[in-house]
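Student: Could you walk me through this structure while I look at it?

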Amino acid sequence: MLNSYHDATLILIGHGSTLNAESAAPTYQHADELRRRGIFADVLEAFWKQEPCIAGILRAAFTPRVFIVPLFISEGYFTEEIIPRELGFRNNEQKEFARVQVRPGPPGVNFKEQTLYYCGPVGTHESMTEVLLSRARNIIEKHPFPRAPKPKETALFIAGHGTGNNENSRKAIERQVEIIRGRGEYQEVHAVFMEEEPRIGNCYSMTAARNIVMVPFFISDGLHSYEDIPVMLGEAERIVKKRYAEGQPTWRNPTEKKGKLLWYTQSIGNEAHIPEVILERVREAEKLASAKPVIAQG
């Protein structure tokens, strides 16, 4: 049963982009849905790369409780360093920080204290396994040419960004690979990355399977998924840019490269059940706060 959050503001934090408006679309989609349900007194959006910005969003929260949920994949550079720093949960020297903090209430309200709950990212939730598998199944069903290969004839690749800034950034993807590989449904399951080894473009040489399904483990379909990854997979940059400019899919499913057929899916961020994951993260943070002392901030 859902607790009452009529005294609370929910803030969804996305990456955003000044170059691609679609990067923010999942954040607005899920905020609109949760706003429609009327669970919280208010639902706000904030972004790292566009307005409204993370650093100023707390000035728009006028409730005694504020729950902050990062719409990110991993507990990595952004969720453990950038976002907490911008919200004042930590400074650059701190390695650990309190996930629940009490601060003075904002001016003009009838309460003295405001409790901030910093929740876990949606991408590490256990239900993401089914989201990834659903993406893989659906792309084959939608484009079965020349015939729909069975999972046992297919290598599943989960693609992530990767970064040298935080070693945790790839852990969410590697964890999903471990879980899915353990289920034994696919011939092979691998993780690949844009900025770390193994690279996305190495997928062809990493598997003996004739068929490959590539699922980008990103919240939004932005320039990475629409342009960068198709080029990394071997499509000519000019063709990708032309298709994108014309509003066409930038990867034709399936495309044959290096003797293998490759299906490439959309990112996972617009899945309809993600609002449930957001609510689960809110409940977890609330439960954690009841079990641990809350840190007051001046």
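This is a predicted model: local features need pLDDT of at least 70, side-chain atom pairs count only at pLDDT 80 or more; totals for chains, interfaces and linings use all residues.

Tutor: Residues are numbered from 1 along each chain as its sequence is written, and side-chain values use heavy atoms, with hydrogens and water left out.

Student: At what angle do α1 and α8 pack?

Tutor: Helix α1 (residues 25-37) packs against helix α8 (residues 274-291) at about 70 degrees, and their axes are 9 Å apart. They are therefore roughly perpendicular, a term for angles of 65 to 115 degrees.

Student: Which residues of α1 and α8 meet there?

Tutor: From α1, H30, E33, L34 and R37 meet I274, P275, E276, I278 and L279 of α8, where contact means heavy atoms within 4.5 Å.

Student: Switching to T79, is that one buried or exposed?

Tutor: T79, in helix α2 (residues 77-87), is buried, with a relative accessible area of 1% (buried means under 20%, exposed over 50%, with a 1.4 Å probe and protein chains only).

Student: What does the side chain of T79 reach at 3.0 Å?

Tutor: The side chain of T79 reaches the backbone oxygen of S74 at 3.0 Å, and one of its polar atoms lies 3.0 Å from the backbone nitrogen of G76.

Student: And the open sheet, what is its strand order?

Tutor: The order of its 5 strands is β7-β6-β8-β10-β9, with mixed pairing. β7 (188-193) and β9 (255-257) are at the edges, each with a single partner strand, so one side of each has no neighbour in the sheet.

Terms used:
Axes are lines fitted to C-alpha atoms, for helices over the stretch in contact, and angles run from 0 to 180 degrees between N-to-C directions. Helices (H or I, at least four residues) and strands (E, at least two) are DSSP runs, numbered from the N terminus. Angles under 35 degrees count as roughly parallel, over 145 as roughly antiparallel, 65 to 115 as roughly perpendicular and the rest as oblique. A polar contact is a pair of N or O atoms within 3.5 Å; within protein, one must be able to donate a hydrogen and the other to accept it, and residues adjacent in sequence count only if both atoms are side-chain atoms. Two strands pair if DSSP finds at least two bridges between them.
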